[in-house]
Amino acid sequence: MIILGIETSCDETAVAVVEDGRKVRASIIASQVDIHRKFGGVVPELACRAHLELLCPIIEEGLSEAGLTLSNIDGIAVTAGPGLIGALLIGISTAKALSFSLDRPLAAINHIEAHLYANFIEEEPVLPAVGLVVSGGHSDLIYVETIGKYEVLGRTRDDAAGEAFDKVAKMLGLGYPGGPVIEKIAREGNPEKISFPRPYLLGSLDFSFSGLKTAVLYHIRKYGCEDVEDIAAGFQAATVDVLVKKTLMAAEAMGVKTILLAGGVARNTALRLRMEQEAANKGLSLFRPSPELCTDNAVMVAGIGFVKLREGERSSLSLEASSDWVLGC
Ligand code: KG4
Ligand code: ZN
């Protein structure tokens with residue numbers, strides 16, 4: 001079964017052609033980073049316009065890379081939420097038009113579920129598991145009973161982990177997106193020189209990163225940005241500490257033996273390594289998608305779309321975007 005995946009929930013316009021949920025025939029990601037960089041973050045209106053311009057050409061590019069035409073596509077999977085409403089609508093309208101004109105089934109995909117599914121493209125994690133989805137918009141701890149059956153254990157109460165990376169990078173004048181640049185600069189710094197607070201919210205599996213972000217701001221106000229490497233390293237170490245510790249707490253509370261990492265922040269090497277060490281210490285299996293499957297892409301959308309369509313799920317042409325679609329609802 002060949003599925004065309006479409007992802008336009010934020011600032012990447014992405015298309016993929018995936019066979020049977022795992023075999024990637026084509027994956028195109030048109031990043032809009034250059035458009036948003038000068039504003040220091042994603043400008044929704046500009047993201048929508050860019051999706052509109054980019055989507056049809058990259059569908060053609062993806063099909064040509066896969067050596068296929070539209071008539072070879074067996075189904076269409078599109079991210080329907082959560083995300084920027086206008087951006088989601090561009091992908092959904094295009095997917096609906098293709099579904100109608102080609103007479104092929106349509107699957108509406110939850111973006112968080114797609115991020116989690118990225119773990120099943122290259123490997124076969126044993127379930128149940130606890131998944132940590134950390135991106136620009138989310139820091140979610142999710143109990144994955146089976147693919148399709150989830151319980152949200154904890155969420156961010158304010159900033160998402162990726163958002164905190166982006167905002168701290170902005171404070172340090174490092175540009176956008178912040179995650180990759182903070183990671184790079186942190187390699188030159190001493191993570192123990194500046195001890196930023198670790199917001200654990202004891203007794204809860206929720207996250208809160210706004211206090212940590214404010215602590216970085218106060219440090220910069222007091223001491224300036226001279227020791228930028230140490231600030232980046234100290235901030236990253238505090239964030240990683242919290243993410244790892246709470247994921248292990250969730251795994252223990254749910255009695256699972258498998259951890260799944262997902263989302264753009266899961267590209268972070270410090271997080272990947274720390275989680276690997278701590279999971280090994282506790283005898284847990286850790287799965288992490290390849291870096292290119294962590295940040296937004298359409299392979300994960302087509303992959304989970306295959307599972308949904310194979311199970312007979314169908315979305316109608318009255319499908320609407322759901323900017324705050326909570327997984328499991
Ligand atoms: O999953 P994603 O591509 O988009 C959303 O669904 O939000 O995640 C983007 C986020 C950004 O906040 C970016 O700064 C962060 O992922 N990110 C990283 C790294 N690469 C991307 N954060 C930390 N370290 C990285 N290497
Ligand atoms: Zn994402």
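Throughout these legends, contact means that heavy atoms lie within 4.5 Å. The structure is a predicted model, in which local features need pLDDT of at least 70 and side-chain atom pairs count only at pLDDT 80 or more, while totals for chains, interfaces and linings use all residues. Residues are numbered from 1 along each chain as its sequence is written, chains are lettered from A and ligands numbered from 1 in the order in which they are written, and side-chain values use heavy atoms, with hydrogens and water left out.

**View 1. Packing of helices α9 and α10.** Helices (H or I, at least four residues) and strands (E, at least two) are DSSP runs, numbered from the N terminus. Helix α10 covers residues 269-281, and it packs against α9 at an angle of about 35°, with the two axes 10 Å apart; here the axes are lines fitted to C-alpha atoms, for helices over the stretch in contact, and angles run from 0 to 180 degrees between N-to-C directions. From α9, the residues Q236, V240, D241, L243, V244, T247 and L248 meet A270, L271, R274, M275, E278 and A279 of α10. Sorted by class, this contact has 8 nonpolar, 2 polar and 3 charged residues, where Ala, Val, Leu, Ile, Met, Phe, Trp, Tyr, Cys and Pro count as nonpolar, Asp, Glu, Lys and Arg as charged, and the others, Gly among them, as polar. The crossing of α9 with α10 is right-handed, a crossing being left-handed if the near helix is turned anticlockwise from the far one by less than a right angle, and right-handed if clockwise.

**View 2. Aromatic pairs.** Rings of Phe, Tyr and Trp (its six-membered ring) pair if their centres lie within 6.5 Å, and planes under 30 degrees apart count as stacked, over 60 as edge-to-face and the rest as tilted. By this rule the count comes to 3 aromatic pairs. One of them is the stacked pair of Y117 and F120, with 5.9 Å from centre to centre and 20° between the planes. Y117 counts as buried because its relative accessibility is 6%, and F120 counts as buried at 10%; buried means under 20% relative accessible area, exposed over 50%, and partly exposed in between (1.4 Å probe, protein chains only). F165 and F235 form an edge-to-face pair, 5.0 Å centre to centre with 75° between the planes. F165 lies in helix α6 (residues 161-171) and F235 in helix α9 (residues 228-254), so this pair ties together parts that are 70 residues apart in sequence. Both F165 and F235 are buried.

**View 3. A charge over a ring.** The charged end of K246 sits over the ring of F207, at 5.9 Å from the ring centre. A charge is taken to sit over a ring if NZ of Lys or CZ of Arg is within 6 Å of the ring centre and within 35 degrees of the ring normal.

View 4. I142 belongs to strand β7 (residues 139-146) and is buried, because its relative accessible area is 0%. Not counting residues up to four places away in sequence, I142 touches I112, L116, A129, V130, G131, V133, Y150, E151, V152, L153 and L327. V152 is located in strand β8 (residues 149-154) and counts as partly exposed, with 28% relative accessibility. When its neighbours within four places in sequence are left aside, V152 is in contact with L141, I142, V326 and L327.

**View 5. Two cis peptide bonds.** G81 and P82 are joined by a cis peptide bond with omega of about -10°, and P82 lies in the loop between β4 (75-81) and α3 (85-102). A cis peptide bond also joins Y176 and P177, with omega of about -5°; P177 is placed in the loop between α6 and α7 (178-186).

View 6. D20, a residue other than glycine, has a positive phi near 50° and is found in the loop between β2 (12-19) and β3 (23-31). D20 is partly exposed, its relative accessible area being 40%. L201, although not a glycine, has a positive phi of about 45°; L201 sits in the loop between α7 and α8 (210-223) and counts as partly exposed at 27% relative accessibility. G67, in the loop between α2 (44-66) and β4, is exposed, with a relative accessible area of 62%. The C-alpha atoms of G67 and R25 are separated by 8.4 Å, although these residues are 42 residues apart along the chain.
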